[in-house]
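Q: Could you walk me through this structure and show me how to read its features?

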Amino acid sequence: MGPMTKVAMVFFVIACLCLTGCGDGSDSAGPAGGVDTSESPAAVDKTLKTTVLQNQAPYLPPQCYTRTVKTNGDVQNPCYTCHTRGFRPDFINDGDLQTEFAFPDYAMQNHWTNLFQDRSGAMSEITDDEILAYIRTSNYQDGDGRILPAADIDDLPPEWDDDGDGMWSGYKPDCHFHFDDLGFDRDPSGNYTGWRAFAYYPFPATHWPAGGDYGDVLIRLDKVFQTLGGRFDMETYRLNLAILEAIIKKRDVAIPPTDETRYETDLNKNGRLDTADRIAFDWAPNENRMMSYVGDARIRQQSGEIHLAGGLYPEGTEFLNTLRYVGVSDQGDIEMAPRMKEIRYARKFKWLTYAEMETLALNEVKERADFPDRMKLPIGNLEDGVSNGVGWVLQGFIEDQNGRLRPQTFEETASCIGCHGGIGATTDSTFAFARKLEPPAFQDGWYHWSVKGVKGLNEPKAEFRSAGVQYEYSFYLMYAGAGDEFRSNEEIQAAFFDESGMLKQEMAEKLHEDISLLLYPSRERALALNKVYKRIVAEQSYTSGRTPFLSKALNVFESLTPEDLETKVESPLVLTDRARDKACNPCVILAAEPASDAFQAVVDGSGMAGPDGLRYQIDPDGFIDESSYAVAAKGVYFPFPPRHTLPTRMIVPLGSIPVCYECHRLDRPVPPQHPEGNMPEALPEASSDEPGLTLVRLTEDSGTDVNGTWSPDGSRIAWETDRDGAFQIWVMNSDGSDPRPLTRGPAIHGWPQWRPDGGGLVYWGYDEASGTHTISTAAADGSDVRVIVESAEALDRPVWHPRGTHIAWAAQTDGNWDIWVADSDGAGVRRLTYDAQMESNPLWRPDGSYISYKVAPNKAYNLTVENFMDVENGFESPAVRQWDGIKSIQMNDWSPDGGKITYTAEIVTNASGEDRVSYLAVVEDVSFTGAKTSGTPVILSGHNTLGDRGPVFSPDGSQIAFWSWDKSYRATLWIAASDGSRLRQVTRQGPDMTPKWHPDGGRLLFESGRSGSMDIWTLAVE
């Protein structure tokens, strides 16, 4: 009988058992299916070939015996990581195992007895030099690159030959761990083995180096996925792996630009064959939305020989997972050791449909309900492996007493099926591939840990029902109350928790930027764990537990009584979106080289603390909102990363609040004058020309020229300049000719806005000598100056009613900001808001029916929202629509039809390579007829920028321009469609800021420092 025939027979038996039940229907827990457990443990056959189980429930891992109630009565729940509602088509829903120990009677006694052995003596029996020499010696390859376990199979030892036919029918190790720049393995002759390494976010507390293992994972698809026209084709294989990644993750995956006509496949699902830069996940067969592999696999798929379905691997998929000792370099750095503890292998040999998988899951539920004391019956042997009952065969190699890799016994392999196929957390019985790193990660995530370790890797985020989006590892620390299920890692406990057991905010912030702080042990701990494990190797006591402990495990049940079965966890925590580090989509490639390190530090600023994690949380896109936590766990909060304090210009209401200068530190007229309000370092040199752009410099004075604004007919420009000393407002023709002052000192003036008919302007002023703030109007030639309002307290920038009949502004009265309005001639001054909170930045809707304004609830200046005041019927007791969208926003513009708004919002983004809270440009629909005002926010820059400012609609409303600090640390101009699509970077040199559309939509007016000083420029746009 050939190997696949035997495996198929094993699967058939297990599938039948799962579908129909097993045994005679009695309450007996006795196993069946060819597994002999009649002998007592003392009499168990110790040969490798034995199928006698010493532990009759090897599929129940040691972690499941963790005590969830601490000695002080606090409840910790590490169980949620594995036991949850599976993602379709993984129909297992075992979240109830978070709330109870649902063991068969036999398993009420913990048979993982190695947990309770004190092996601290092992640490003194072997020196550091001896253990280092041991783990630095490969037991997988010799000096000539020969694969040692494969060589042993070629000279097959009789004790490995399960059926005595003189042949090995299982997996023969064939990976050389010699990787190219795409992560593909090659043999000594340079030929591809088909294996491809990928980097991934390690599953919480599982095979972390801090726990004693350094694991890797590789994938290989059947040869038909590697060929085009019967010949190996690298691009075809890469595409099929990318397609599979999209299928498993159920989301789009970025790819290099690919000619779809070569494969006759619409990869990006845009309805035509062109150049694709992504694999679009669009699979809904009931709606006739199908996907396809490419190359020869496409032909086999069309003939029905191979299958494709969301969340499932195709037949023939293989995974290779090695567990290594934790290596330590001569410099003390943690690394993957050459010596392997285990080789774990899995191959999918059977396709199951959604319906078949659901039936198997439902029958498992029925089996548990009808026969709670009946145990699973693993079937297989050391040569062919063990079937997990849902289409996969598992096999492995492990160290013998001399450290040489041998096949795992039946029982040693059977311990794998509990996790790989029996819990809700897996994806088609696997863990790692659904957690693979994505672009813009190093090599798009296709690399081996030996090439680049986890050091410097950002912390991923996952989403949970009732807990929202969470940093995955930080949340595990808080919710599990420790760095491992057993709460045995004292290093993590001391580093990450305070005396009260709360996660330290400062450590969480560091963890966000480098997960190795948690996953890597100290040199001392790594060596100690290696020594303890070597004792287990010498004992060959793997079936009693393989996890190395530095002392006896204390937070684990040795046995359970009926009173112990409730975990005291109040309700299951359910995962709703898998862990990932969300990045740009699509990613814009920067052409400019990064600015100098010194200037990058200046742009980054000093940083500020993030929002209150007890009050606020984020959504999957990083938007900030009120916390909706409903988890019953002590000390759980959202550990925000620091704010990114990128430079921007001052806005009036913040003129006297020193903390605001952390960000608002570029020149502009502000009261009072602060020395911080300057560009803090010379701007990087930039060219006055950029290929493909028509740039025109309109001002050439050595001073600062900023905040240009077009007249309604586009013939003139008003702007602010300090060319004569203090900031004043000047006017020039649209081509830069005839510049002339509109205002004069001694007061400074700024924030000019043209009257809608173009006949005059309204502007702000401040006289430092008298401390008087003013809002005034003047004709376009500077005559007919009229003071609308003056105050000893601060005033905000003024704005015209769209018909020029009124002027709105914000004013500080008795220390509180409110919205005011007056007739255009200064009569009829009215205060519109009276709340004891900051209300500022009024903006008229284009039809004049509403005034939007910024609100800082409870004067929380960094977490503002927008409200909308209905003034269509006048200013007496106007109704206000409260904002019901995300928090921490500052509105910038209305669409011409008043149906959309643009704003900047504080968002958690990793565009800098490290998570930061930063302002990004957003567009959102708004409604004033239904119960809900807000729509769905869309980030215009798509996480491609460090931070954005000033998003403004084009005159026809079809496009939005804004400026950003891009990843090269240059302030540049960007444009996107008003629905957030078609993002493009317009300028690449900069610094270019504050774009304004010409009334005909053909040009942008902006300020730029590319000439060495800030000047007014124009740019022709499509």
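A: Strands β38 and β39 form one, with 5 residues between them, and G898 in the turn has a positive phi of about 75 degrees. Helices (H or I, at least four residues) and strands (E, at least two) are DSSP runs, numbered from the N terminus. The model is predicted: local features need pLDDT of at least 70 and side-chain atom pairs count only at pLDDT 80 or more, while totals for chains, interfaces and linings use all residues. Residues are numbered from 1 along each chain as its sequence is written, and side-chain values use heavy atoms, leaving out hydrogens and water.

Q: How many bridges join β38 to β39?
A: Two strands pair if DSSP finds at least two bridges between them. Here 5 bridges join β38 to β39 (residues 900–909), and the two run antiparallel. Within this pairing, W894 stands opposite I901 of β39.

Q: Which residues of α14 are buried?
A: In helix α14 (residues 597–604) they are F599, Q600, V602 and V603. Looking down the axis of α14, these residues fall within an arc of 160 degrees (taken from the directions from the helix axis to the C-beta atoms), so they line one face of the helix. Their cover includes β20 (664–666) and β43 (959–966), where contact means heavy atoms within 4.5 Å. After α14 comes G605, with a positive phi near 75 degrees.

Q: How do I read aromatic pairs?
A: Such a pair is described by the distance of the ring centres and the angle of the planes. Rings of Phe, Tyr and Trp (its six-membered ring) pair if their centres lie within 6.5 Å; planes under 30 degrees apart count as stacked, over 60 as edge-to-face and the rest as tilted. The whole structure holds 53 aromatic pairs. In one of them, the centres of F486 and F549 are 5.0 Å apart and the planes at 75 degrees, so the pair is edge-to-face. Both F486 and F549 are buried.

Q: Which residue has its charged end over the ring of Y134, 4.6 Å from its centre?
A: A charge sits over a ring if NZ of Lys or CZ of Arg is within 6 Å of the ring centre and within 35 degrees of the ring normal. The residue you want is K534. R339 also lies over the face of Y134, at 3.9 Å from the ring centre.

Q: What about backbone exceptions?
A: Most residues other than glycine have a negative phi, and most peptide bonds are trans. A205 has a positive phi near 60 degrees, and E264 has one of about 55 degrees. The P439 to P440 peptide bond is cis, with omega near 10 degrees.

How values were computed:
Buried means under 20% relative accessible area, exposed over 50%, partly exposed in between (1.4 Å probe, protein chains only).
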